[in-house]
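Welcome! Take a moment to look over the sequence and turn the model around, and then we will walk through it together.

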Amino acid sequence: MLLGLLPGIEVVGAAADGEEAVRLVVEHAPDVVLMDLRMPRCDGVEATRRIRARHPATHVVVLTTYADDDSLFPALRAGARGYLTKDAGGEEIVRAVRHVMSGEAGLSPNIQRRLLERLSDPTVSGAAAGAGAGADAGADGMASAGSVPPRSALHRRELPDGLTAREAEVLSLVADGLSNAEIARRLHVSTATVKTHINNLFAKTGARDRAQAMRYAFQHGIARPPESSIT
């Protein structure tokens, strides 16, 4: 309904999942597909890969709730030229569509920031990370209570109960006492995205509330309990 009201955009089809999206591209040959990521049968990443491989004239702009690395980078590698979160307004959607049509990237500002931060992260380029309590210590030589493991470490380790690295990162911040709004600011995502991650990790860990999630994080080494502070 929103897209049909936007100037310069004609909606030629709507798909319930990735399989149908690929079929509709064959049928209608649209200029742009707005692609969700989490769908039954065929997810958005695989659908994007198929569309870009078979129909290179059709551009894909991801429009999703998820702004975490585990969603963003696979989608871009699959060939998506744009990436928006679902809190994007009509003007931002039109702008992204026009950008990809002109050969540019259609990325929302928060996604651009995330990409820049990721590219500037020394752990991505292989720089050695400090080890031990002193690696995260401040000028007073004390490691902070409940400090969060580096995200690169969460990527390297095998996480329990099917948690993704981003879900484990959110869980560690929950255990550190941060609110949803504070987590959103820390990770440069929307509060809706944080709520989605928390709902997912609650389902996977069996936690019914934040207190149980904190206990789970401490038990599985995803966060350090306050008593583990080191002077």
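## A first look

The protein chain holds eleven helices and four strands; helices (H or I, at least four residues) and strands (E, at least two) are DSSP runs, numbered from the N terminus. Please keep in mind that this is a predicted model, in which local features need pLDDT of at least 70 and side-chain atom pairs count only at pLDDT 80 or more, while totals for chains, interfaces and linings use all residues. Residues are numbered from 1 along each chain as its sequence is written, and side-chain values use heavy atoms, with hydrogens and water left out.

How confident is the predictor? The pLDDT is the predictor's confidence in each residue, from 0 to 100. Its mean for the protein chain is 78, and 80% of the residues reach 70 or more. Over residues 124-153, however, the pLDDT is below 50, although this stretch has 40 contacts in the model beyond near neighbours in sequence. Contact here means heavy atoms within 4.5 Å. Where pLDDT is low, the predicted coordinates should not be read in detail.

## Inside and outside

Of the 231 residues in the protein chain, 43% are buried. Buried means under 20% relative accessible area, exposed means over 50%, and partly exposed is in between (1.4 Å probe, protein chains only). The protein chain exposes about 12200 Å², and carbon and sulfur atoms supply 53% of that area; accessible areas come from the Shrake-Rupley method with a 1.4 Å probe, and for residues, only the protein chains shown count as cover. Among contacts with a separation of 6 or more, 60% join residues 24 or more positions apart.

In soluble globular proteins, nonpolar side chains tend to be buried together. A nonpolar core is a set of buried Ala, Val, Leu, Ile, Met, Phe, Trp, Tyr and Cys residues joined through side-chain atoms within 4.5 Å. The largest such core has 46 residues, and Met-35, Tyr-83, Leu-171 and Ile-183 touch the most other members. Helix 8 (residues 165-175) gives the most to this core, with six residues. Apart from it lies another core, of eleven residues, among them Val-32, Val-61, Ala-96 and Val-100.

Which residues does Met-35 contact, leaving aside neighbours within four places in sequence? The partners of Met-35 include Ala-21, Gly-44, Ile-51, Val-60 and Leu-63. Tyr-83 lies in strand 3 (residues 82-85) and is buried, with a relative accessible area of 0%. The C-alpha atoms of Tyr-83 and Ala-96 are separated by 8.2 Å, with the two residues 13 residues apart along the chain.

Val-170 is found in helix 8 and is buried, with a relative accessible area of 0%. Not counting residues up to four places away in sequence, Val-170 touches Ile-183, Leu-187, His-197, Ile-198 and Leu-201. Val-170 and Leu-187 are 17 residues apart in sequence and 8.7 Å apart in space, C-alpha to C-alpha.

In helix 9 (residues 180-187), the residues Asn-180, Ile-183, Ala-184 and Leu-187 are buried. They lie on the same side of helix 9 because they cover an arc of only 100 degrees around the axis; the arc is that of the directions from the helix axis to the C-beta atoms. Asn-180 counts as buried because its relative accessible area is 19%.

In helix 11 (residues 210-219), Gln-212, Ala-213, Tyr-216 and Ala-217 are buried. Their arc of only 140 degrees around the axis puts them on the same side of helix 11. The buried residues of helix 11 pack against helix 8 and helix 10 (191-205). At the start of helix 11, a side-chain oxygen of Asp-209 reaches to within 3.2 Å of the backbone nitrogen of Ala-211.

## Positive phi angles

Most residues other than glycine have a negative phi.

| Residue | Phi |
|---|---|
| Arg-41 | near 65 degrees |
| Asp-161 | about 55 degrees |
| His-188 | about 60 degrees |
| Gly-221 | near 70 degrees |

Arg-41 is found in the loop between strand 1 (32-35) and helix 3 (44-54), and Arg-41 counts as exposed at 66% relative accessibility. Asp-161 sits in the loop between helix 7 (151-156) and helix 8, where Asp-161 is partly exposed at 45% relative accessibility.

How values were computed. Polar contact = N/O pair within 3.5 Å; in protein donor to acceptor, adjacent residues only side chain to side chain.
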